[in-house]
Amino acid sequence: MHEILDSEILQQSLEHSFWTWTAQGSVKPIPVTKAKGVYFWDANGKRYLDFNSQLMCVNIGHGDERVIEAIAQQARELPYVAPSLTSKPRAVLGKILAEITPGDLNHFFFTLGGAEANENAIKIARAFTGKHKILARYRSYHGATAGAMSLTGDPRRLAWEPNLMSGVVHFLDPYRYRSTFHSRNPDISEAEFTRDYLNHIEEIIQYEGSETIAAVIIETVTGTNGIIIPPEGYLQGLREICDKNNILLICDEVMSGFGRTGEWFAVNNWNVVPDIMTMAKGLTSAYAPLGAVAMRDEIAEYFNDKVYYGGLTYNSHPISLAAAIANIKVMKEDRIIENAKKMGIVLRHLLNDLGEKHPSVGEVRSIGLFSAIEVVKNRQTREPMAPYNGNSPEMTQVKEYLLENGLFTFIHWNVIMVNPPLIINESQLSEGIQIIDKALDITDAAMTG
C-alpha cells in the first residue's frame, strides 16, 4: 500500500477519483481522517458535527468498536462464500430480521445496497403477479441503477431517459405544503386531504388498468426530496387500494428504516404491513455495504418450484451480514430506537422554534430524527429559496456557513436536512440547531415579502 500523508488525501483523490452526482471540475470533498460518535474530523483536524449521518445511514454513530470487531472477526473466520452457499451470519441475520420486521415479512434476499434491493423488489413483484407496470411517486428517489432510476420520480431520472426500464407510471405525493389540489384551499381537513390523494391514485389505477399493475412502490417517508410524511390514513388507505386491486405494496425503507423515525421501520408508525419492504443504510449503519428485500411468506413460497432469475457475486456477503447482526445488537442493547423517539420530540421543538423566529422558514417537518427545514423567499406565495431542481446564492451561502462553523448536513434545493445519528443527545442537537439558527439569517435577508 502506498503511504500518503493526511495533507495529500485531497489532491491525490482529485487526481484519480471519478465522483458521483457532480461535474468533475467542481468537486470539493472534505478529506475525512477519523470519526467517532456524532462527529468526524478532516485532515486539518477540524471537527464537524454530523447532522446527516453522512447519507442518512450511520444510525448508531461512528466508530462503534462492537461492530468493528464483529467485522474483523468475520473476516478472520470466513470472509466470503458464494451466494449459492450459506454461512452462520446468513442464518442468524435472517432470524433476527424476521423478529423485528412487521407482519409475515419473514424471508430476505440480501443485496449490497438500496438500489439493488429495489431492483430485485420489482423483479420479484413482476414474477409473482405476472403483471408489468409499477406505480411510483414523482418526489421519490429509489436508486441510481437503471431499474431503480426508472422508479425514481425526481429530476435525476431525466438525464438517463429514454434508456430506462419500461412500465413505470408516476403519481403525485401527498405533499401538503405544495399540494397541487389544494393551493386555493389550504385549510382543508387532513381527512379530506388524504382522501383527495387516495382518489388520485385510484383514478390512475383505473386509467392504467389494475390487471396490468404489479405493484405500487413508495418511500414510506419521502427522504431526499424533503421528508414528506404521509398524512393520517394515507398509508392505510393505500394498503386497502392495493388489496382491492390485487396490487402489491412495496415500501422503500432504505432511509426510513432502522430507527430513523423512532420505530424499527417507518410503516410501524401507521401499523401497515407491506407485501415487500426494502432496506439498506441503517441495516449496518453503513459499517459495511448491505441491502435486503423483505417479502411476505406467500411471495417467497411462490418461488418454491419456480426459479428466481436474479443474483450477484456479493449477495449475502458474510462480512456485511456480520456487520448487520452487530449493528442490530447495538441498537437493542443501547436502546437507540427509544433514544431516536425521545430526541425526535426535542428536535421537533427546536425546529418549531426556528420556524417561529425566522420568516424564511416556510415549514419544518419531522418524524423521529428524520427532518427537514423548507426555506422560502416569501411565506405568502411559498416561493422556494432555490428553484425546483436548482440552487441559489443564498442556499450556497447557507451550506458554506454551516461547514465553516463545523456542521455537516445535506441541502437539497431549498431544503436543509436534519438527520443526525440516532445516538445524539439533547446538548448535541442544540449545538447543531444553534449553527443553523445563525445560518438562516442569510436567507431571512433575502426575503421578498
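Predicted model: local features only at pLDDT ≥ 70, side-chain atom pairs only at ≥ 80, totals over all residues.
Helix H7, spanning residues 190–208, packs with helix H8, spanning residues 234–244, at an angle of about 25 degrees. The axes of H7 and H8 lie 10 Å apart. Angles under 35 degrees count as roughly parallel, and H7 and H8 are therefore roughly parallel to each other. The crossing in which H7 passes H8 is right-handed. On the H7 side, the contact is made by Thr 194, Tyr 197, Leu 198, Ile 201, Glu 202 and Ile 205; on the H8 side, Tyr 234, Gly 237, Leu 238, Ile 241 and Lys 244 take part. Of the residues in this contact, seven are nonpolar, two are polar and two are charged.

The largest nonpolar core comprises 102 residues. Leu 97, Phe 258 and Ile 436 have the most contacts inside this core. With neighbours within four places in sequence left aside, Leu 97 is in contact with Phe 108, Phe 110, Phe 258, Met 279, Leu 283 and Ile 328. Another core, of 23 residues, lies apart from the largest one; Phe 109, Ala 117, Ala 121 and Met 295 are among its residues.

Met 255 is located in the loop between strand E8 (248–252) and strand E9 (276–279). Its relative accessibility is 11%, so Met 255 counts as buried, the cut-off being under 20%. Beyond its neighbours within four places in sequence, Met 255 is in contact with Met 56, Gly 223, Thr 224, Arg 260, Lys 281 and Phe 370. Met 255 and Gly 114 are separated by 141 residues in sequence, while the C-alpha to C-alpha distance between them is 8.8 Å.

Key
Residues numbered from 1 in each chain as written. Heavy atoms only, no water. Axes fitted to C-alpha atoms, helices over the stretch in contact; angles between N-to-C directions. Helix = DSSP H or I, 4+ residues; strand = E, 2+ residues; numbered from the N terminus. Parallel < 35°, antiparallel > 145°, perpendicular 65-115°, else oblique. Left-handed = near helix turned anticlockwise from the far one by under 90°. Contact = heavy atoms within 4.5 Å. Nonpolar A, V, L, I, M, F, W, Y, C, P; charged D, E, K, R; others polar. Core = buried A, V, L, I, M, F, W, Y, C linked by side-chain atoms within 4.5 Å. Buried < 20%, exposed > 50% of the residue type's maximum accessible area, 1.4 Å probe, protein only.
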